[in-house]
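User: I have a model open and want to go through it with you. Can we keep it quick?
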Amino acid sequence: QEISFLNFAKRCCHSPREANLPLTHNHRLGDNMCGLFGGMGHSLNQDDKDNIALLGVLSKTRGSDSTGIFIVKNGDRRGRKNKGAPHIIRIHKELVPSTSFFDLPKTKELLNDSPFIIAGHTRFATHGSVSLPNAHPFHSGHFVGMHNGVMSQLFDSEKDLTDSAVL
C-alpha cells in the first residue's frame, strides 16, 4: 500500500512532550523551542500548500502543545484580485499538534483560500499556560507575529516570563 510522505511524517513525528522528555532547566532555556514554518509565492499551487503543511507536520518535533497559521491573500471585499486592494490576513490556531491541525476543516478552508503567504508555528510551552491566548500567531491591529524562544527581556521578573506575549 502506498503512503504519502505527509502521512508518513504524521505517523513518525514525536514531540518532546510525547517522548516524555524531562523539562530540565536547560530545556527551558531553549533546547526545546517552538517550530516555525512557512512559504510564499505569487500563486501557491496545491503541491506548494502540501509542502508547507509537511513542514508544519515535521515541526511537531519542536512542539505539540498548539499549532497555528496565518495566511495573507490579495483581494477586495468581493474576493477579486485587484491592484491596490488591501491584503487580507486570516489567522487560525488550535491546541492540537500539527499532525492533527492540518486535517481540521478550518485549516483546510484557509489553505484553499488562495493565499500567497502561509506561515505557521508549533508551540512547546516552556513558560506560560497551554492556552489559545498563548498560542501563535498573535496579532495586534494589522501586525501579525510569532517567535521562537522566551521573550524574557520584556519582563521585570522571572515570574512574568512567557514564551508567548501579548504585545
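User: Which helix is Gln46 in?
Analyst: Gln46 sits in helix α3. Helices here are DSSP runs of H or I with at least four residues, strands are E runs of at least two, and both are numbered from the N terminus. This is a predicted model: local features need pLDDT of at least 70, side-chain atom pairs count only at pLDDT 80 or more, and totals for chains, interfaces and linings use all residues. Residues are numbered from 1 along each chain as its sequence is written, and side-chain values use heavy atoms, with hydrogens and water left out.

User: Is Gln46 buried, partly exposed or exposed?
Analyst: Gln46 counts as partly exposed, because its relative accessibility is 42%. Buried means under 20% relative accessible area, exposed means over 50%, and partly exposed is in between (1.4 Å probe, protein chains only).

User: And how far is Gln46 from Asn112 in space?
Analyst: C-alpha to C-alpha, 8.4 Å. In sequence, Gln46 and Asn112 are 66 residues apart.

User: Switching to the overall fold. How many helices and strands?
Analyst: Five helices and six strands. The order along the sequence is α-α-β-α-β-β-α-α-β-β-β.

User: How much of the chain is buried?
Analyst: 43% of the 167 residues are buried. The chain exposes about 9600 Å², and carbon and sulfur atoms supply 53% of that. Areas come from the Shrake-Rupley method with a 1.4 Å probe; for residues, only the protein chains shown count as cover.

User: What makes up the largest nonpolar core?
Analyst: It has 12 residues: Phe37, Leu44, Ile52, Ala53, Val57, Ile69, Ile71, Phe101, Phe102, Leu110, Leu111 and Ile118. At least two residues of this core come from each of α3 (46–58), β2 (66–73) and α5 (105–111). Helix α3 gives the most, with three. A nonpolar core is a set of buried Ala, Val, Leu, Ile, Met, Phe, Trp, Tyr and Cys residues joined through side-chain atoms within 4.5 Å.

User: What does Leu44 touch?
Analyst: Setting aside neighbours within four places in sequence, Leu44 contacts Lys49, Ile52, Pro115, Phe116, Ile117 and Ile118.

User: Now charges. How many salt bridges?
Analyst: Three. The cut-off is a side-chain nitrogen of Lys or Arg within 4 Å of a carboxyl oxygen of Asp or Glu.

User: Start with Asp113 and Lys73. How far apart are the closest N and O atoms?
Analyst: 3.0 Å for Asp113 and Lys73. Asp113 is in the loop between α5 and β4 and Lys73 is in strand β2, so the pair ties together parts 40 residues apart in sequence.

User: Are those two buried or exposed?
Analyst: Asp113 counts as buried because its relative accessibility is 17%. Lys73 counts as buried too, at 14%.

User: What does Arg90 pair with?
Analyst: Arg90 bridges to Glu109, with the closest N and O atoms 3.0 Å apart. Arg90 lies in strand β3 (residues 88–94) and Glu109 in helix α5, so that pair ties together parts 19 residues apart in sequence. Arg90 also bridges to Asp113, where the closest N and O atoms are 2.5 Å apart. Asp113 and Arg90 are 23 residues apart, and their pair links distant parts of the chain. Through shared partners, Lys73, Arg90, Glu109 and Asp113 form one network.

User: How exposed are Arg90 and Glu109?
Analyst: Arg90 is partly exposed at 21%. Glu109 is partly exposed as well, at 43%.

Conventions: Contact = heavy atoms within 4.5 Å.
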